[in-house]
Amino acid sequence: MHRNFYRCQYYQGSPLRASDLARVKLSTAKACLVIANKHSAEPDAEDAANILRVISIKNYKSDVRVIIQILNYHNEEHLFNVPDWNHQLYGDEVICINELKLGLLGKSCLCPGFSTMIANLIMMSSFHPSNYSKDVRSNWEYEYGYGASNELYTGSLSSDFLDMTFPEVAEICLIKLHILLIGVETNSSSTGILFNPSPHVFRFRQGTQGIFIAQNPTVVKSAALFCFKCHEYAIQSEIVKCTCDKSDSG
């Protein structure tokens, strides 16, 4: 929401009224998000109210994708009885806050620092190297500040990467572009999102989107502009759209 603040429009109304759903053009929407009040004094009542909103939304447009946030995991089972709720067909999803918290806690027991890394990736923070003296740039505070300023992005990939394996493209992105490729999003409904896929099961195809950890969206665009012929010896800041005939490079 913060990143797309100026592209958002706000409407006051209720999802329980068909007139309000028509006003926000739910009939043409690709997805609908139902967000819970995390500070509610009665979590079960909050979940029940949001499930009723989902029923109203599904009654208005049965095939719209619904992503709902609930507070208590035991309320999840009620969603499976909602008419037209279908994860496989429509991509409907339920996100439980308590379940996420406990999952992160469990992962942190196995991998100390995991929850901190995830929190830093989903939170926006700025990093200004000029705020650190040269004496401090070698200690952990500088490294932590630099790492915390990275965020998750998705972006297109150059046609030069077609038919290459994930490790091959990830190596180029890290060494040449200074961005970390951690996964891909495919057009195939059977695979969808893959993290660090094996060379035996995945090769880059047209339309594949990369999932990156990077400082800003500008550096992610370099992955779509990279050309083996023109940028073999270029640094990341020098990579711009080229006009070469790539058919001659093979």
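Is Ser-222 buried or exposed, and at what relative accessibility? Ser-222 counts as buried, at 2% relative accessibility. Buried here means under 20% relative accessible area, exposed means over 50%, and partly exposed lies in between (1.4 Å probe, protein chains only). The notes below go through the chain point by point.

1. **Basis.** This is a predicted model, in which local features need pLDDT of at least 70 and side-chain atom pairs count only at pLDDT 80 or more, while totals for chains, interfaces and linings use all residues. Residues are numbered from 1 along each chain as its sequence is written, and side-chain values use heavy atoms, with hydrogens and water left out.

2. **Overall layout.** The protein chain has ten helices and seven strands. Both kinds of element are DSSP runs, numbered from the N terminus: helices are H or I with at least four residues, strands are E with at least two. The C-alpha atoms fill a box of roughly 60 × 50 × 40 Å along the principal axes. Of the 250 residues, 32% are buried.

3. **Contacts and surface.** Take contacts in the protein chain between residues at least 6 apart in sequence: 63% of them join residues at least 24 apart. Contact means heavy atoms within 4.5 Å. The chain exposes about 16600 Å², and carbon and sulfur atoms supply 56% of that. Accessible areas come from the Shrake-Rupley method with a 1.4 Å probe; for residues, only the protein chains shown count as cover.

4. **Ser-222.** This residue is found in helix H10, residues 222-225. Leaving aside neighbours within four places in sequence, Ser-222 is in contact with Leu-177, Gln-236 and Ile-239.

5. **Helix H2.** Does the length of H2 agree with what its residue count predicts, or disagree? It agrees: the 18 residues (43-60) should span 26 Å at 1.5 Å a residue, and the end C-alpha atoms are 26 Å apart. The expected span is 1.5 Å times one less than the number of residues. The buried residues of H2 are Glu-46, Asp-47, Asn-50, Ile-51, Val-54, Ser-56, Ile-57 and Lys-58. They pack against helices H1 (18-23), H3 (76-79) and H4 (87-90), and against strands E1 (31-34) and E2 (65-70).

6. **Strands E1 and E2.** E1 and E2 run parallel and are joined by four bridges. Strands count as paired if DSSP finds at least two bridges between them. Val-34 stands opposite Ile-68 in E2. The covered face of E1 holds Cys-32 and Val-34; the uncovered face holds Ala-31 and Leu-33. In a regular strand the side chains alternate between the two faces of the sheet.

7. **Strand E5 and its partners.** Five bridges join E5 to strand E7 (residues 209-214), and the two run antiparallel. Leu-181 stands opposite Phe-212 in E7. E5 also pairs with strand E6 (residues 193-195), in the antiparallel sense, over three bridges. There, the bridge partner of Val-184 is Leu-194.

8. **A nonpolar patch.** Leu-174, Ile-175 and Leu-180 form a nonpolar patch on the surface, with about 280 Å² of accessible area together. Patches are made of residues with over 30% relative accessible area and no salt bridge; like charges are joined within 9 Å, and nonpolar side chains (Val, Leu, Ile, Met, Phe, Trp, Tyr) within 5 Å. A salt bridge is a side-chain nitrogen of Lys or Arg within 4 Å of a carboxyl oxygen of Asp or Glu. Leu-180 lies in E5, residues 180-185. Leu-180 is partly exposed, at 39% relative accessible area.

9. **Two buried loop residues.** Thr-165 sits in the loop between strand E4 (151-156) and helix H8 (166-175). Thr-165 is buried, because its relative accessible area is 5%. Not counting residues up to four places away in sequence, Thr-165 touches Pro-199, Phe-202, Arg-203 and Phe-204. Gly-91 is in the loop between H4 and strand E3 (93-96). At 17% relative accessibility, Gly-91 counts as buried.

10. **Positive phi.** Most residues other than glycine have a negative phi. Asp-84, in the loop between H3 and H4, has a positive phi near 70°. Asp-84 is partly exposed, at 37% relative accessible area. His-178, in the loop between H8 and E5, has a positive phi of about 60°. His-178 counts as exposed, at 58% relative accessibility.
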